[in-house]
Amino acid sequence: MRYRENTRKGRSNGNALLFLVMIGFCILAIIEIIYGQVQIRMQKERMALEEENRQTVQELKAEWDQLKGGPNVGTESTVEVGEGKTQTNESEKTLTNTEQQDTAQQSEGNPDAQQAAQPEEAKEPEVDEKEYDMQIVFLGDSILDSDRENHGVASLISEGCNAKVYNMAMGGTTAALLPGEQYNFEEWGSRSLLGVVNAILGNIKPDIFDGYRAGEILKECDFSKTDFFVIEYGINDFLSRQIAQSKYLENGETLNESESHTYAGALEIAVTLLKERFPDAGILLIPPHYCQIFEDGKYIGDSYSLDYGCGTMVEFARCAGYVYSQHKEDGVIFYNAMEESGIDAYSAEHCLEDGIHLTEEGRKRYAEVPIRLILSAFYPEE
């Protein structure tokens with residue numbers, strides 16, 4: 001009899017324990033569900049906040065573009081003239097991407113500011129005592145000019161190649177001459193790729209680069225020691241809506257344009273001039289990378305779809321590839337940033353801060369291939 005009572009008590013205790021375990025599992029499940037819902041709600045709030053921030057950035061960008069005249073890489077703008085045509089707005093043409101210009105304008109007419117701007121004692125220029133393996137000169141637009149001191153593309157390549165770098169890139173510039181600009185050494189006024197190259201060669205007065213880092217480099221760099229020239233242009237040529245890809249059309253016809261006023265022609269002239277003067281220097285050509293274009297905060301197309309009348313951006317990139325193919329036996333190498341940088345429609349959110357300029361992650365991705373190409377060309381036996 002006592003055995004049966006003990007057995008019943010054991011079963012009762014077992015059932016109670018099982019019941020408590022089941023309750024515990026239910027409580028855990030409820031907690032997990034509640035936690036999941038909280039996570040989902042937080043994720044939705046985060047995404048909504050990111051979208052709100054993105055829209056705010058686009059609105060600010062649109063307001064800035066309206067003030068400055070367009071979405072160019074830099075501040076050079078165009079205005080419409082008739083159907084499908086544009087011309088440069090001369091009042092907006094001056095680039096404003098240097099602190100030296102701003103300081104000069106602020107101190108002009110202000111004796112106190114001018115006196116404050118004068119150092120009490122002239123400081124000795126800092127001497128870079130680091131030993132480098134090579135010297136690289138960069139020619140380009142704001143893709144190379146942006147964040148030049150803070151993990152910019154040029155500085156990342158400098159670190160990866162242990163190279164002494166002279167970064168002559170200037171935001172807002174094109175490879176080709178703009179309509180109205182003449183290939184005339186006596187009256188030269190273009191800061192384009194052709195302007196920088198002719199300044200390096202001493203063909204034009206360097207005054208037009210005063211206030212830009214490029215102007216300082218022209219005075220301090222021994223270009224004969226250059227191992228590689230890196231040429232990166234094309235986005236502004238496309239955005240100008242005025243520069244043709246090439247003088248020569250696929251149907252065999254020829255545009256009534258000089259080579260210097262076309263993207264491919266400007267690259268060809270620049271490569272030829274640099275190789276003639278510096279035959280032992282390598283040249284790395286970089287065409288535009290993948291971009292997304294916005295107007296008034298609205299997406300209007302990307303490198304593969306948008307055509308302002310002179311072709312898509314990817315077609316501009318192919319023109320650069322053609323120039324490379326004509327000179328690859330002369331020490332010219334090619335970085336197809338449009339397809340090899342890892343920046344595309346899927347990664348644009350993380351790699352592009354405004355559809356065009358590179359984020360920190362974008363710059364890191366962008367710089368990987370040039371580092372590999374330059375090292376392979378500099379150490380071919382390895």
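Which backbone nitrogen lies 3.0 Å from a polar atom of the side chain of D237? In this predicted model, where local features need pLDDT of at least 70, side-chain atom pairs count only at pLDDT 80 or more, and totals for chains, interfaces and linings use all residues, the nitrogen is that of A175. Residues are numbered from 1 along each chain as its sequence is written, and side-chain values use heavy atoms, with hydrogens and water left out.

D237 counts as buried because its relative accessibility is 0% (buried means under 20% relative accessible area, exposed over 50%, partly exposed in between, with a 1.4 Å probe and protein chains only). Leaving out residues up to four places away in sequence, D237 touches T174, A175, A176, I243, Y263 and F316, where contact means heavy atoms within 4.5 Å.

Two of these partners, Y263 and F316, belong to one aromatic cluster together with F238 and Y308. Over the face of Y308 lies R241, at 3.9 Å from the ring centre; a charge sits over a ring if NZ of Lys or CZ of Arg is within 6 Å of the ring centre and within 35 degrees of the ring normal.

Across the whole structure, 13 aromatic pairs are found (rings of Phe, Tyr and Trp, the last by its six-membered ring, with centres within 6.5 Å; planes under 30 degrees apart are stacked, over 60 edge-to-face and the rest tilted). One of them, F185 with W188, is tilted, at 6.2 Å centre to centre and 40° between the planes. F185 is partly exposed at 36% relative accessibility, whereas W188 is buried at 10%. F228 and F378 form another tilted pair, with 6.4 Å between centres and 55° between planes. This pair links distant parts of the chain, joining strand β5 (residues 228–232) to helix α13 (residues 360–378) across 150 residues. F228 is buried at 6%, while F378 is partly exposed at 26%.

Beyond its neighbours within four places in sequence, I231 is in contact with residues including L139, L193, L267, V271 and L274.

Notes: Polar contact = N/O pair within 3.5 Å; in protein donor to acceptor, adjacent residues only side chain to side chain. Helix = DSSP H or I, 4+ residues; strand = E, 2+ residues; numbered from the N terminus.
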